[in-house]
Structure formats: C-alpha cells, structure tokens
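We will go stop by stop, and at each one you will pick something and look around.

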2 protein chains.
Amino acid sequence: MSILKTKTEHSTPEECKIFIRPVRDVIDIVGGKWKLPILTALSFKTHRFKELERQVAGITPRMLSKELKDLESNGLVNRKTLYTSPVTVEYSLTCYGKSLDEVLSAMREWGVNHRKKIMDK
Amino acid sequence: MSILKTKTEHSTPEECKIFIRPVRDVIDIVGGKWKLPILTALSFKTHRFKELERQVAGITPRMLSKELKDLESNGLVNRKTLYTSPVTVEYSLTCYGKSLDEVLSAMREWGVNHRKKIMDK
DNA sequence: CGGGATCCATCGAGATACTG
DNA sequence: CAGTATCTCGATGGATCCCG
C-alpha cells in the first residue's frame with residue numbers, strides 16, 4: 001500500500017477491516033440465541049446457575065454453561081463459587097459488563113423505532 | 001440502565017422479551033458475515049452489483065444478492081435499475097440506512113476499547 | 001447443585017454452473 | 001451485467017445421559 005495514498009472516495013480493504021472489526025466483535029459478544037437473555041437476567045440481579053436456567057426460559061444447562069464461559073472470558077460476567085454444601089455458584093454482571101448497556105441502549109432505541117417503521121408498512 | 005430495573009428487581013418474561021427484541025432486531029439486520037462489509041462499501045459511494053462484488057472481497061453473487069435483498073427490505077439500501085444496455089443496477093445507502101451509523105459508531109467505540117482491553121491481558 | 005460428554009438436526013454460507 | 005439454481009459442508013444449538 002502506498003504511503004502517499006491520498007484520501008479516496010472508496011476504502012481500502014485494510015481500512016474497512018479496521019472499521020468493521022470492532023463492530024463485529026460486539027455482535028459476536030452479544031449475538032447468538034442466549035447472550036442477551038442471560039445478560040438481561042443478570043442486569044436485574046445476581047443469579048445462581050439453576051436460577052439462571054429457570055429465568056432464561058428454554059435454555060439447556062449445556063448452553064448456559066457455554067454462554068457463561070464466553071461472557072466471563074470477555075469480562076462481562078463474574079463467577080463466584082460459594083463453598084456451601086452442596087457448592088453453589090453465583091453469577092453477576094461486572095462493572096465492565098454494565099458498560100455495555102450504553103451500547104445496547106443505542107441499539108434498542110434504533111430497533112424500537114425500526115420495528116415501528118416496519119410494522120406500519 | 002433500564003427503566004424497568006428501577007421499578008422492579010426482577011423481570012417478567014414479557015418484559016424481557018420487549019427489552020431484548022429490538023436489540024436482537026439490530027443484530028439480525030447488521031449481523032452475519034456480509035452485511036457490515038456491504039454497508040461499509042455503500043457508505044463510501046453508490047455501487048453497481050459487480051462493483052460491490054469486487055469491493056466486498058470473497059463474497060459470491062448468490063450471497064451478495066441475498067444480503068442486498070435483506071438490506072433493501074429493511075429500508076437501508078436503495079436499488080435503482082438503469083435501463084442502459086445491458087441493464088445496470090445501482091445500490092446506494094438510504095438516509096435511513098445512514099441513521100444506523102450512530103448505532104454502529106457506539107458499537108465500534110466500545111469494541112475498539114474492548115479489543116484493547118482483551119489484547120492487554 | 002453445577003455442570004460435562006455425546007450424538008444429532010437445522011441453518012448459514014461456499015462452490016459451481018447456469019440464465020435473461 | 002445482474003443475478004438464480006443446486007449441491008455441499010461446517011458451525012450453532014438441541015436432546016439426552018452422566019458425574020462429583
């Protein structure tokens with residue numbers, strides 16, 4: 001790629017990638033069937049595994065476990081083992097997880113309006 | 001965060017659905033492998049089908065056609081047939097499509113920061 | 001209770017060839 | 001040029017059973 005490249009009316013593949021990648025990251029993080037329901041449940045209160053399984057209607061333990069790991073690896077959710085008997089585990093939103101809410105709110109606002117617009121047609 | 005949250009500590013399934021649905025709508029609209037690359041290409045300038053096929057590296061005509069129909073059905077993209085010979089078709093972002101940019105920017109901002117955060121670990 | 005392991009169905013997307 | 005039609009495959013997620 002030329003160092004002397006001036007501003008063009010079209011984008012280079014590199015520019016596009018840098019532009020798109022972080023947006024895609026967000027989609028990957030909150031996308032899929034269960035991430036939003038889980039985050040929403042946790043935004044109301046801390047839940048144990050079994051409680052989440054009941055709150056998030058329809059989810060299987062297998063998926064719940066996998067999704068919680070994903071969310072935890074992204075720093076959105078905190079996992080806390082309580083050594084009661086039997087052992088219980090508490091899941092909660094981290095502060096960082098809560099910071100996602102601004103983004104979700106922006107999406108929600110546009111989405112609510114869009115739904116209205118599409119319905120009217 | 002949410003209006004609901006200030007009112008109750010837990011959510012009903014109905015409330016959750018209404019809360020989540022518009023966000024999911026946005027994910028569906030810009031999600032998948034090709035929507036963002038296509039929207040990004042069109043955000044720079046109007047393109048014909050074949051031009052888009054070249055701009056969006058790797059896409060097949062089958063997918064490009066399908067994705068453009070999706071975007072058009074959501075009012076984000078305008079399709080304009082030019083009766084030249086042979087016929088050419090121009091695709092462009094609608095004003096409504098451009099309104100999505102605020103949302104994408106919010107996502108991008110969070111995503112850029114997140115990528116930095118994850119990389120540092 | 002909090003998961004893991006295994007098998008299976010569905011769907012998004014690629015490859016390729018073809019048409020008006 | 002602007003798409004369509006088939007076929008195929010890998011990923012996502014569901015069903016079921018199992019364990020410490």
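**Stop 1: the two chains**

The same surface serves both copies, as 96% of the contact residues of chain A recur in chain B (contact means heavy atoms within 4.5 Å).

Before moving on, know that this is a predicted model, in which local features need pLDDT of at least 70 and side-chain atom pairs count only at pLDDT 80 or more, while totals for chains, interfaces and linings use all residues. Residues are numbered from 1 along each chain as its sequence is written, chains are lettered from A and ligands numbered from 1 in the order in which they are written, and side-chain values use heavy atoms, leaving out hydrogens and water.

**Stop 2: paired rings**

How many aromatic pairs are there over all chains? The count comes to two. Rings of Phe, Tyr and Trp (its six-membered ring) pair if their centres lie within 6.5 Å; planes under 30 degrees apart count as stacked, over 60 as edge-to-face and the rest as tilted.

Select A:Y96 and B:W110. Their ring centres are 5.2 Å apart and their planes are at 20°, so the pair is stacked. A:Y96 lies in helix α5 (residues 95-120) of chain A and B:W110 in helix α6 (residues 95-120) of chain B, so the pair joins two chains. Helices here are DSSP runs (H or I, at least four residues), numbered from the N terminus.

Are these two residues buried or exposed? A:Y96 is buried, with a relative accessible area of 12%, and B:W110 is buried at 9%. Buried means under 20% relative accessible area, exposed over 50%, and partly exposed in between (1.4 Å probe, protein chains only).

Next, select A:W110 and B:Y96. Here the ring centres are 5.2 Å apart with planes at 20°, so this pair is stacked. This pair crosses from helix α5 of chain A to helix α6 of chain B. A:W110 is buried at 8%, and B:Y96 is buried at 13%.

**Stop 3: charges over rings**

A charge sits over a ring if NZ of Lys or CZ of Arg is within 6 Å of the ring centre and within 35 degrees of the ring normal. Finish with A:F19: B:R108 lies over its face, at 3.7 Å from the ring centre.
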